[in-house]
Amino acid sequence: MRELVERTIGKGRSVTVNVAESPLGWLRARGLVDARQFEAGERLRGDYETAALGPRVTMRWVARVDGGGGAGLDPTTAQIAAKRRFDAALAAAGKGLADVAWRVICAGEGLPVAEKALGWPARAGRLVLTLALDRLADHYRLP
């Protein structure tokens, strides 16, 4: 899905921004993070989103399509497992790196916003984020 918006930056200069694109996807599209770093960030975001999903509180009345008994994890167990994976990944990133990783990858903040919120100088966020993504990739044992 593409939601293009025209934004003005600086003196009379404008850019077209896809607001549906994640900050990590934006960095990947411009070659500022490599495929391994992007995959690590996507895994972290996937666990974050799965862990944030609320459990079902009512019965599902729909029969299973495949007729199986359900060998996989139920939604609550999957949520707990995702939360554990998420916590382990952020712990592997480390204290100083986990903050920017969570803000950019999970919360969807742009690097300038994350830098300002963390009190960092401009353009420091990308370097720190790439270090965090490298640690996450090592944690996930990505080649």
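Let me start with Leu-129. Setting aside neighbours within four places in sequence, Leu-129 is in contact with Leu-27, Val-100, Ala-101, Val-104, Ile-105 and Leu-111. Contact here means heavy atoms within 4.5 Å.

A word on the model. This is a predicted model, where local features need pLDDT of at least 70, side-chain atom pairs count only at pLDDT 80 or more, and totals for chains, interfaces and linings use all residues. Residues are numbered from 1 along each chain as its sequence is written, and side-chain values use heavy atoms, with hydrogens and water left out.

Back to Leu-129. The residue sits in helix H6. Helices are DSSP runs of H or I with at least four residues, strands are runs of E with at least two, and both are numbered from the N terminus. Is Leu-129 buried or exposed? Leu-129 is buried, because its relative accessible area is 0%. The cut-offs: buried is under 20% relative accessible area, exposed is over 50%, and partly exposed lies in between, with a 1.4 Å probe and protein chains only. One partner deserves a distance. Leu-129 and Val-104 are 25 residues apart in sequence, and their C-alpha atoms are 8.2 Å apart in space.

Now the overall layout. The protein chain has six helices and two strands. From the N terminus, the order is β-β-α-α-α-α-α-α. Of its 143 residues, 27% count as buried. Take the contacts with a separation of 6 or more: 56% of them join residues 24 or more positions apart.

H4 covers residues 95-106 and H6 covers residues 125-139. H4 has 12 residues and reaches 16 Å from first C-alpha to last, close to the 16 Å expected at 1.5 Å a residue. H6 has 15 residues and reaches 21 Å, close to the 21 Å expected. The expected span is 1.5 Å times one less than the number of residues.

How do they pack? H4 and H6 meet at an angle of about 100 degrees, with their axes 9 Å apart. They are therefore roughly perpendicular to each other. For the terms: axes are lines fitted to C-alpha atoms, for helices over the stretch in contact, and angles run from 0 to 180 degrees between N-to-C directions. Under 35 degrees counts as roughly parallel, over 145 as roughly antiparallel, 65 to 115 as roughly perpendicular, and the rest as oblique.

Which residues of H4 and H6 make the contact? From H4, they are Gly-96, Leu-97, Val-100, Ala-101, Val-104 and Ile-105. From H6, they are Gly-125, Val-128, Leu-129, Leu-131, Ala-132, Leu-133, Arg-135 and Leu-136. By class, the contact has 11 nonpolar, two polar and one charged residues. Nonpolar covers Ala, Val, Leu, Ile, Met, Phe, Trp, Tyr, Cys and Pro; charged covers Asp, Glu, Lys and Arg; the others, Gly among them, are polar.

Burial along the pair. In H4, the buried residues are Leu-97, Ala-98, Val-100, Ala-101, Val-104, Ile-105 and Cys-106. In H6, they are Gly-125, Val-128, Leu-129, Thr-130, Ala-132, Leu-133, Leu-136 and Ala-137.

Thr-130 looks elsewhere for partners. Thr-130 counts as buried because its relative accessibility is 12%. Leaving aside neighbours within four places, Thr-130 is in contact with Leu-32, Val-33 and Gln-37.

On to the core. The largest nonpolar core has 26 residues, and Leu-44, Ile-105, Leu-129, Leu-133, Leu-136 and Tyr-140 touch the most other members. H1 (23-29), H2 (35-52), H3 (75-93), H4, H5 (111-118) and H6 each supply at least two residues. H4 gives the largest share, seven residues. Such a core is a set of buried Ala, Val, Leu, Ile, Met, Phe, Trp, Tyr and Cys residues joined through side-chain atoms within 4.5 Å.

Finally, the backbone and the tail. Gly-108 follows H4, with a positive phi near 75 degrees. Arg-123 is not a glycine, yet has a positive phi of about 70 degrees. Arg-123 lies in the loop between H5 and H6, and counts as exposed because its relative accessibility is 77%. Arg-141 is also not a glycine, with a positive phi of about 55 degrees. Arg-141 is in the segment after H6, and is exposed at 75%.

Pro-143 is in the segment after H6, exposed at 91%.
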